[in-house]
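Me: I would like to go through a structure by question and answer. Please show it first.

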Amino acid sequence: MPDIELKNISRFICSEINLKVNDGELMVILGPSGSGKTTLLNVIAGLTEYSGSVAFDGKNMDGVDSSQRKIGYLFQQLVLFPHMDVRKNIAYSLELRHIPPDQIESRVDELLRLTKIKHLSSRYPKHLSGGEKQRVALARALAPSPEVLLLDEPLSSLDLQTAKYLRMELRQFQKTLGITTIYVTHDLSEAEEIADRIAIVHNGSLQQVATPDEVFFFPGNSTVSDFLGTPNILDCQSCRELEQGVIEADCGSISVIVAHEGNSINRIAFLPRDIFLSENRPPGPGVNRFEGHITDIRYTDDAVRVDVDVNGQKLVSEVPYHLFEDMELVPGKKVYLILKLRRIRVYDCNCPTNQYPTHARSSGPTKCNHTFDTCVEN
């Protein structure tokens, strides 16, 4: 399967984008609506004009028609043919290529098995659920044996449970086939679950390209950090095992209890929305409970972010507007914070250098082999 290289791509909002997708990689393009994600897919597919260049395995594709680029494209709008059953929908592109009928039948049977919809082969789209339609559309995109698969928000219309299940299956399909895949989404959780690497796009500019955990623990700039939800990221100087699966991490002026099965932690991170803020000392055990003073209050589109100084360490908590209105929060006021234990994420790379972190874990031991400039989890 080819690698893909975009050089100085400009089209609509996209401006001077450079991106390399490796052979067999599942790259997720992540960003808010209107940031240029779908435009990049259309450029790669040859469906729109652009300035710059696109290359597959070093071969320039700029003058190559979309039909000759060996691309499977799963659009956000599935557009299954309502007058064709599942088998006919999958076979349609093969029939256009005048593939012999016996080869078409064999290929369709293979895809029905792969996508686990063989029992639906004679049904029509109107009798399929949303998840079933997605499987048919995926099988149809894979029918011509493309070398590149493009997926544009393929699960956005599904309920959360179905989408999560199909994400995992899609990841399995992709690795089984070894096909170079680019997946567009605006959902960070979705990107983290399936991506080998994430390319974050904002207002048509490429902000950062990294593994999911690099992005979360080492955001490239304030734009990326804001998109992630402005996580609190703390460096850990030392660790002490309290009991099996529980570690106390010394993070400068504060110590944080973490559920973790390793013997070292380099960084911890947690989102502002995962810190409970109270004006009064809350009852209960003192695990991950801190006292501090408000230093700043900032208003965002979704909530109010409150900066709190805890023994010289700044922590940011997020308070919903409907709760903030009933609280008397002002700079200088003493407040109490509780960190949600299960929301604390852990980066525990044990490599000789931490310049290029590539993984993190919320639980479980990790071993790293330091190879060149990356850490590879075994």
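The questions below cover the chain, its cysteines, its rings and its helices.

Reply: This is a predicted model, in which local features need pLDDT of at least 70 and side-chain atom pairs count only at pLDDT 80 or more, while totals for chains, interfaces and linings use all residues. Residues are numbered from 1 along each chain as its sequence is written, and side-chain values use heavy atoms, with hydrogens and water left out.

Me: How many helices and strands are there in the chain?
Reply: Helices (H or I, at least four residues) and strands (E, at least two) are DSSP runs, numbered from the N terminus. The C-alpha trace spans about 75 × 45 × 45 Å along its principal axes. The chain has nine helices and 23 strands.

Me: What share of the 378 residues of the chain counts as buried?
Reply: Buried means under 20% relative accessible area, exposed over 50%, and partly exposed in between, with a 1.4 Å probe and protein chains only. I247, in strand β13 (residues 246–251), is a buried example at 2% relative accessibility. For the 378 residues of the chain, the buried share is 49%.

Me: How many disulfides does the count come to?
Reply: A disulfide is a covalent bond between the sulfur atoms of two cysteines. The rule applied here asks for a pair of cysteine sulfur atoms within 2.5 Å. By this rule the number of disulfides is zero.

Me: Which cysteine sulfur is nearest to that of C236, and how far away is it?
Reply: C236 counts as buried, because its relative accessibility is 11%. C236 is in no disulfide. The nearest cysteine sulfur belongs to C251, at 3.2 Å.

Me: How many aromatic pairs does the structure hold?
Reply: Rings of Phe, Tyr and Trp (its six-membered ring) pair if their centres lie within 6.5 Å; planes under 30 degrees apart count as stacked, over 60 as edge-to-face and the rest as tilted. One cluster is formed by F216, F217, F218 and Y347. The number of aromatic pairs in the structure is seven.

Me: What kind of aromatic pair do Y299 and Y321 form?
Reply: The ring centres of Y299 and Y321 are 6.4 Å apart, with 15 degrees between the planes, so the pair is stacked. Y299 lies in strand β17 (residues 289–299) and Y321 in helix α9 (residues 321–324), so the pair ties together parts that are 22 residues apart in sequence. Y299 is exposed at 56% relative accessibility, whereas Y321 is partly exposed at 28%. The kind of pair is stacked.

Me: Which ring does the charged end of R345 sit over?
Reply: A charge sits over a ring if NZ of Lys or CZ of Arg is within 6 Å of the ring centre and within 35 degrees of the ring normal. The charged end of R345 is 3.9 Å from the centre of the ring in question. That ring belongs to F216.

Me: At what angle do helix α4 and helix α5 pack?
Reply: Axes are lines fitted to C-alpha atoms, for helices over the stretch in contact, and angles run from 0 to 180 degrees between N-to-C directions. The axes of α4 (residues 130–142) and α5 (residues 160–177) are 11 Å apart. The packing angle is about 20 degrees.
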